[in-house]
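Please open the structure in your viewer and keep the selection tool at hand. The tour goes from one selection to the next and says what is there at each stop.

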Number of protein chains: 4
Amino acid sequence: MIKVGIIGSTGYVGAELTRLLSHHSEVEIMFLDSRSYASMEYSRVYPSLRGSVEKECTSINLDEDLENIDVLFCALPHGLSQAAVKKIVEKGKKVIDLSADFRLKDVDVYESWYGVKHEARDQLSGAVYGLSEIYPEEIAKAQLIANPGCYPTSILLPLYPLLKEDVIDTDSIIIDAKSGVSGAGRAPSDTNLYPQCNENIKAYSIGSHRHTPEIEQELTIAAGKELKIQFTPHLTPMTRGILSVIYISNKKGTTYQQMKDVYEKYYGDQKFIRLLEENEYPQTKAVYASNYCDISFKIDDRTQNIIIVSAIDNLVKGAAGQAVQNMNLMFGFNTDEGLQHAPIWP
Amino acid sequence: MIKVGIIGSTGYVGAELTRLLSHHSEVEIMFLDSRSYASMEYSRVYPSLRGSVEKECTSINLDEDLENIDVLFCALPHGLSQAAVKKIVEKGKKVIDLSADFRLKDVDVYESWYGVKHEARDQLSGAVYGLSEIYPEEIAKAQLIANPGCYPTSILLPLYPLLKEDVIDTDSIIIDAKSGVSGAGRAPSDTNLYPQCNENIKAYSIGSHRHTPEIEQELTIAAGKELKIQFTPHLTPMTRGILSVIYISNKKGTTYQQMKDVYEKYYGDQKFIRLLEENEYPQTKAVYASNYCDISFKIDDRTQNIIIVSAIDNLVKGAAGQAVQNMNLMFGFNTDEGLQHAPIWP
Amino acid sequence: MIKVGIIGSTGYVGAELTRLLSHHSEVEIMFLDSRSYASMEYSRVYPSLRGSVEKECTSINLDEDLENIDVLFCALPHGLSQAAVKKIVEKGKKVIDLSADFRLKDVDVYESWYGVKHEARDQLSGAVYGLSEIYPEEIAKAQLIANPGCYPTSILLPLYPLLKEDVIDTDSIIIDAKSGVSGAGRAPSDTNLYPQCNENIKAYSIGSHRHTPEIEQELTIAAGKELKIQFTPHLTPMTRGILSVIYISNKKGTTYQQMKDVYEKYYGDQKFIRLLEENEYPQTKAVYASNYCDISFKIDDRTQNIIIVSAIDNLVKGAAGQAVQNMNLMFGFNTDEGLQHAPIWP
Amino acid sequence: MIKVGIIGSTGYVGAELTRLLSHHSEVEIMFLDSRSYASMEYSRVYPSLRGSVEKECTSINLDEDLENIDVLFCALPHGLSQAAVKKIVEKGKKVIDLSADFRLKDVDVYESWYGVKHEARDQLSGAVYGLSEIYPEEIAKAQLIANPGCYPTSILLPLYPLLKEDVIDTDSIIIDAKSGVSGAGRAPSDTNLYPQCNENIKAYSIGSHRHTPEIEQELTIAAGKELKIQFTPHLTPMTRGILSVIYISNKKGTTYQQMKDVYEKYYGDQKFIRLLEENEYPQTKAVYASNYCDISFKIDDRTQNIIIVSAIDNLVKGAAGQAVQNMNLMFGFNTDEGLQHAPIWP
């Protein structure tokens, strides 16, 4: 049994962490930090967890409360957990940060895309990008994990192996991704109101979404050369799920079997990556509330394009589930401990 | 480990049974019967279960396939599983029927409300009504379980104790219940089409829904005298969940504390019944994809009425989850085995 | 052509007023007041109205801007439009207030249920309750209209005639009403977030909703004696619509034909009230984006209850549409001018 | 006043035609043909239209019933209206066919993509493709209109002018389109069930959707040379709306102003095309239940791509609304007669 704490536990990502960790056989939750709901019963904020989580929210003291834990999860928006991360790293303990703060290796890129100053630069270099299936050894040895963004996870898992194995062109990657509204968090705003989202789909931040440099950084590593992507996210009238459709000009004349072989090589043994049969395509319902990433693809001979489709649950594989998977790697637990439950359908 | 078979496994209730049983530590699934999808991979019918359920659908032979199992689940619409139930009972094995066929003790009432002839009358008298928290001993000893309907479960759990303890009036019970669309099953019809249901709520079968005699039968047992209820179900634009609001004239002058005491007496030790605090009310999201039934109530001093609210997931506590709970009782497993997962929020 | 102004034009009720009035053949919109969006193009706040409404939002000056209009619509939350109403009444002009401020004739009841002091008591006595089909003559002569609430409209239209004609019991009225989320307005809060509302239904303010005294006031007038109702509103996962189901013990032994006759007498000539055939029931989709109120009912001989169902669009007949209908009455226009469009299905 | 008939009036497109035509000042509806609902009141099939449409559905006789009308609308699936079209054309009357049967000028392409034999080949050559803003003169003179598909409308309106004016590359057009479920019609199937669609988004018919040759035919005409597109449609959890996002490599170095000028030239005077401001993007709610097509675009200097976004209501501008617009052109009515109503928000 290890002891964990969660900072920012009452946002949707924090709540998903709490739900998953409350059923994890190797974990004891020590505190559920929340400024907004401090000293309220957690199960009043999330009545779903009544009976599973009997704990009050607390606003933790960084000096005292970090002493008793083995690993800290930070589920705050970018910019807000740097002090906590700094502190816990200095204490020599492990931390998994789910914000964007430690994902970008180039601090200037971070400051330019996020428009804030980075206050924990010293910790940046030691941070490991927590894409579980791609960097399992690095994650196992890491002290500080930068947990990937939801869109990046849905995009990097299908693209990384193809670029690493050099079977696709790097110049023409277009990504059209659709996310459920929970990706916008629980902080109320005009954007995530029911009547604004229901019966409505819209693209946003076209060519300028903050996940762009994160995606490009990792694809550049995979390809061994710099590349740029075209990325269009959408707000879709559903609570959970990301569907990413990726278009690549098939300049290399890659065949279906070649692509399949690459995926088998990278993911054949990976429980959470499901490669679908030819002509079957991912849908978000098939991964609902689970840690799966479903992937399939088509080589369109008529147009000479490759089309790849992936689906994840943005709050699980796209956030809290992958964070738990990373914790499992860091502490030597079974990879799927706490994550075995099947998706919910319908 | 026991061996189970599921008849009608590709409807929504059958799929929920399959999902729950595939994660049950004491169960091995022997067959997934389905006429519509025979010899198709189950995970093509429910791609969510790829990796969890690797089995083809089969159209079983009643004479051979029932030999190798310890318990049979029937998840077919009413009228279609009577032959299978008859056969398996004759073989001396256990069966949990999720249709309405064995719930009504009076076969004439069944035939009149359902408009069909009952073809397994001999089995009726031995059937135990599987309301898990109310009849646990009878269930433990039963060979044939008539698993309760979804609406009845959401209504009987809050009402049974109150009538048994004689703290509410029997003459004025009005039930206004709202169900998600999955209650209408996966067979396509104009009623459960997305564009017909979305952005729409409607009442249906007012005063004539087939669950009425089932509810009245059990309430009559509880009260020790015949009673009638007013029951209005609604089709609500959501996939899962039933919210039942029950109105009773408080002619007995029952107090909040008296009601609370009754509930504590019956459900204080029951894991799957959650009694909410005063002025907190159930909502379907709080029980999503779980086996919980949330209950709370108000004594309205201004109007002299009692208002009770309950929420369940119609596919879990209202069908497959309660069936698994009953199986646990019948085989002496832990009550919550296979049902421990917390509800999904958001 | 008359000149109108709208205060609080960027809330959902204000937007619906703007949409309807922009197509009204007898109306010119003079200003669209909005504090939140002052000096922004209205069609940026509601891009749907680009091409229909080419006007900037303004934060009006009560002393100057009211001079040039014939009628003012106030679509602010309660408590915020009293000063404007006072001012415009003093100027001798007409005003239709869509808040709760002038609906309750007893100012003490208002102050106790709404928890604020009333700052325009002098105007109260002259206010006419704008239930269009019930008080058409009073409305035609009124200077100040208190436009009914959304729930009250859906409840009073079916109940008023029955009480007035003394065909139903007054002691046992129970109302279970389901509203879409737009009823909560466009001000962001945890309550109306997409992920909190979607796949969720809940009852709220059980026995304590602020529309209760408004409903009771008008039913008391109809019945000629004081009465109390049991009222339970629900938040339903849809944008628009209210479905009200009303239960009454049929102590008077009223027949289907008697009820039907009463409705025919009151509403036979009313375009916006549609009485459905026996065994057909209202659904919110059938009135979507229209000014209709659909009504039907059942006499349940088995239980001796009367069940009445009504459906409206909360933003149209429950707010902006009825306000326009009242304006038509006040200025002698055709009742349905600006309101002729059919509901949207699907 | 002209006399119109509608074949296939009870599908969703037929219902939208009926709704729009019932409010059209120049039109009298003579019959509402429907095989499924023959001799049922139309307002029982669409209770929304009670009071607006008082007519029984009929199963028409092609020899007699076509005599009394001026124009026929056919709203049947492909392959089913060819006999009627043939007959009415022979009678020298006008017809607007909303199926795919007369859209493709090359009958072999039709037979190969749709997998059926064309039974009205003689009528094909006279058919005019009814893209209202692009072919207004041809439409005005036409006897037979092939009304465009929903996806093609949302794609051709933004692309046609750019190709015609030669400001974009023809080799790299990728279209990622998202449609509401009403596009799948009212015939019940597993695909359009509420529980299958809700909380789910999926791509389908990747690279093989039947609207592909229709889109390519018209773009080829515009470009003056053959071209191919990559087209991915999605089923989105909403009832109405299509959002199309189009990606083109900006090989010609076209500027924002050049694109804008082209759009202004073609659509500056067109009421139903709304060009949004820079950095504002279409969303389906902004065109809900209206005949608008909203368009905007971005030149991404970072990636050298052009991204164009368009939104329509699939049942209005994508089907029935455009058909009415074409009828207006054919009979010399005002272009927007019957189509003036603003979109519904929220």
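Predicted model: local features only at pLDDT ≥ 70, side-chain atom pairs only at ≥ 80, totals over all residues.

Begin by selecting residues 3–142 of chain A, where the UniProt record, an unreviewed entry, places the feature "domain: Semialdehyde dehydrogenase NAD-binding". Over this stretch the chain is 30% helix and 17% strand, and its end C-alpha atoms lie 17 Å apart.

Next, colour chain A by its division into domain 1 (2–126) and domain 2 (151–314). The contact between them draws on 14 residues from domain 1 of chain A and 15 residues from domain 2 of chain A, while the centres of the two, taken over C-alpha atoms, are separated by 27 Å. About 1300 Å² is buried between these domains, and carbon and sulfur atoms give 52% of that area.

Now look across this interface, where the rule finds 2 salt bridges. Select A:Arg240 and A:Glu16, whose side chains meet in a salt bridge of 3.0 Å, N to O. On the side of domain 1 of chain A that touches domain 2, helix H1 (12–22) and helix H4 (107–114) each supply at least two residues.

Finally, move to chain B and select B:Thr170, which sits in the loop between helix H7 (150–164) and strand E8 (174–179). Is B:Thr170 buried or exposed? B:Thr170 counts as buried because its relative accessible area is 9%, and the cut-off is under 20%. Show its side chain to find polar contacts with the side chains of B:Asp171, at 3.5 Å, and of B:Lys225, at 3.4 Å. Leaving aside neighbours within four places in sequence, the residues in contact with B:Thr170 include B:Leu163, B:Ala223 and B:Leu227.

Definitions and conventions:
Residues numbered from 1 in each chain as written. Chains lettered and ligands numbered in written order. Heavy atoms only, no water. Helix = DSSP H or I, 4+ residues; strand = E, 2+ residues; numbered from the N terminus. Buried < 20%, exposed > 50% of the residue type's maximum accessible area, 1.4 Å probe, protein only. Polar contact = N/O pair within 3.5 Å; in protein donor to acceptor, adjacent residues only side chain to side chain. Contact = heavy atoms within 4.5 Å. UniProt positions renumbered as here; feature names shortened; annotations may be inferred. Domains from an automatic or database assignment. Buried area = accessible area lost by both parts, 1.4 Å probe. Salt bridge = Lys/Arg side-chain N within 4 Å of Asp/Glu carboxyl O.
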